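Open the model in a viewer and keep the selection panel at hand. The stops below say what to select and what is there.

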Amino acid sequence: MKGLLDQEILKKKYSAQQVKDWQKSVDLAFYVLGWAQFEHLSRKEAEQRIDVEERAKTVHGAAWRFVSKNIKNFSLRSMLDVIFHAKPKILSKLHRNYDIRNEVVHENGTQPADAQDVSAWLAHLEELVKDF
């Protein structure tokens with residue numbers, strides 16, 4: 001995508017500020033898309049874990065069956081709790097990052113400083129997915 005943008009910039013003469021603004025828009029779009037993909041994968045992973053846990057013939061299994069029946073009502077934060085409950089540091093950071101993501105998306109905020117390098121930030125999310 002960046003290559004296509006660079007080619008378009010070379011074809012036409014734009015001001016440096018216009019180019020900078022476009023690059024920020026593209027980076028922000030990839031930041032939001034990265035979160036969307038991470039959310040999808042997190043939901044699928046949580047659902048798989050819940051499917052395994054609900055098979056138990058104990059009171060815990062009954063609780064997991066309740067969760068399974070009501071899964072549509074669970075927030076992403078709840079899904080992250082299911083996946084990362086044994087890793088509180090990662091879970092805490094994900095909750096903070098999700099707060100920032102909500103500000104960016106819902107309040108037209110700016111991309112967070114730790115996500116300015118979108119490629120590195122997406123690689124970080126990919127590592128978390130591998131850690132599932």
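Is A63 buried, partly exposed or exposed? Select A63: its relative accessible area is 43%, so A63 is partly exposed (buried is under 20%, exposed over 50% and partly exposed in between, with a 1.4 Å probe and protein chains only). The model is predicted: local features need pLDDT of at least 70, side-chain atom pairs count only at pLDDT 80 or more, and totals for chains, interfaces and linings use all residues. Residues are numbered from 1 along each chain as its sequence is written, and side-chain values use heavy atoms, with hydrogens and water left out.

A63 lies in helix α3; helices here are DSSP runs (H or I, at least four residues), numbered from the N terminus. The C-alpha atoms of A63 and I50 are 10.0 Å apart, and the two residues are 13 apart in sequence.

On the α2 side, select F38, E39, S42, R43, E45, A46, R49 and I50; they meet L76, M79, L80, V82 and I83 in α4 (contact means heavy atoms within 4.5 Å). By class, the residues of this contact are eight nonpolar, one polar and four charged. Nonpolar covers Ala, Val, Leu, Ile, Met, Phe, Trp, Tyr, Cys and Pro, charged covers Asp, Glu, Lys and Arg, and the others, Gly among them, are polar.

Now show the two helices as axes. They are 9 Å apart, at an angle of about 55° (lines fitted to C-alpha atoms over the stretch in contact, with angles from 0 to 180 degrees between N-to-C directions). That makes α2 oblique to α4; under 35 degrees counts as roughly parallel, over 145 as roughly antiparallel, 65 to 115 as roughly perpendicular and the rest as oblique.

Stay on α4, residues 76-84, and colour its buried residues: L76, M79, L80, V82, I83 and F84. Their cover includes α2, α3 (59-69), α5 (88-106) and α6 (118-130).

W35 is buried at 1% relative accessible area, and F38 is buried at 2%.

Across the whole structure there are four aromatic pairs. In the pair of W35 and F38, the ring centres are 5.6 Å apart and the planes at 85°, so the pair is edge-to-face. Rings of Phe, Tyr and Trp (its six-membered ring) pair if their centres lie within 6.5 Å; planes under 30 degrees apart are stacked, over 60 edge-to-face and the rest tilted.
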